[in-house]
Amino acid sequence: QVQLVESGGGLVQTGGSLRLSCAASGRSFSGYIMSWFRQAPGKEREFVANINWSAGNTAYADSVKGRFTISRDSAKNTVYLQMNSLKPEDTAVYYCAVRRPIVVKYDYWGQGTQVTVSS
């Protein structure tokens, strides 16, 4: 059974940093796309960043480019999202998700972790 468990969220002041973790288990994710999404109150869920588990290629939403960094530790089966220079508009529940590279639909989602940035 595949499980994605996020951690690392919390309350931080504007300009601060947080590192989110997504521990993945239950299968091999070789070649899969690991992604972070976020959803703020009253807004639709939006893409934040993704990484190819095997190749390490990354992609970012324009709103976080230059501030957030996605990475993975294959030995720990964990994906990270390093978030720097945080802004109040980054406040949201952050989710990790995984999909196969040839499809659009995400196969598995985590339960989410709350990030709150105070002004």
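Visitor: Where is the place of serine 119?

Guide: Before the answer, a word on the model and its numbering. This is a predicted model, in which local features need pLDDT of at least 70 and side-chain atom pairs count only at pLDDT 80 or more, while totals for chains, interfaces and linings use all residues. Residues are numbered from 1 along each chain as its sequence is written, and side-chain values use heavy atoms, with hydrogens and water left out.

Serine 119 is found in the segment after β11 (113–118). The strand names come from DSSP runs numbered from the N terminus, where a strand (E) has at least two residues and a helix (H or I) at least four. With a relative accessible area of 88%, serine 119 is exposed; buried means under 20% relative accessible area, exposed over 50%, and partly exposed in between, with a 1.4 Å probe and protein chains only. Leaving aside residues up to four places away in sequence, serine 119 touches Thr14 and Pro88, a contact being heavy atoms within 4.5 Å. From serine 119 to leucine 86 is 33 residues in sequence and 9.9 Å in space, C-alpha to C-alpha.

Two strands pair if DSSP finds at least two bridges between them, and β9 and β11 run antiparallel, joined by three bridges. Within this pairing, tyrosine 94 stands opposite threonine 113 in β11. Strand β9 is mostly covered, since seven of its eight residues are buried. β9 also pairs with β4 in the antiparallel sense, over seven bridges, and here isoleucine 33 has arginine 99 of β9 as its bridge partner. With β10, β9 pairs over two bridges, again in the antiparallel sense, and alanine 97 stands opposite tryptophan 109 in β10.

A search of the whole structure finds one disulfide, which means a pair of cysteine sulfur atoms within 2.5 Å. Cysteine 22 and cysteine 96 form it, with their sulfur atoms 2.1 Å apart, and the torsion about their S-S bond is about 55°, so the disulfide is right-handed. The pair links distant parts of the chain, with cysteine 22 in strand β3 (residues 18–25) and cysteine 96 in strand β9, 74 residues apart. Both cysteine 22 and cysteine 96 are buried.

In β8, the bridge partner of cysteine 22 is valine 79, and β3 and strand β8 (residues 78–83) pair in the antiparallel sense over six bridges. These two belong to an open sheet of four strands in the order β1-β3-β8-β7, with antiparallel pairing. At its edges stand β1 (3–7) and β7 (68–73), each with a single partner strand, so one side of each is left without a neighbour in the sheet.

Rings of Phe, Tyr and Trp (its six-membered ring) pair if their centres lie within 6.5 Å, and planes under 30 degrees apart count as stacked, over 60 as edge-to-face and the rest as tilted. By this rule the count comes to six aromatic pairs. One of them joins phenylalanine 37 and tyrosine 106 edge-to-face, at 5.1 Å centre to centre and 90° between the planes. Phenylalanine 37 lies in strand β4 (residues 33–39) and tyrosine 106 in the loop between β9 (92–99) and β10 (108–109), so this pair ties together parts that are 69 residues apart in sequence. Phenylalanine 37 is buried at 11% relative accessibility, and tyrosine 106 is buried at 13%. Phenylalanine 37 also pairs with tryptophan 109, their ring centres 5.1 Å apart and their planes at 50°, so this pair is tilted. As tryptophan 109 lies in strand β10 and phenylalanine 37 in strand β4, the pair ties together parts that are 72 residues apart in sequence. Tryptophan 109 counts as partly exposed, at 31% relative accessibility. Ring pairs link Phe37, Phe47, Tyr106 and Trp109 into a cluster. Arginine 45 lies over the face of tryptophan 109, at 3.9 Å from the ring centre; a charge sits over a ring if NZ of Lys or CZ of Arg is within 6 Å of the ring centre and within 35 degrees of the ring normal.
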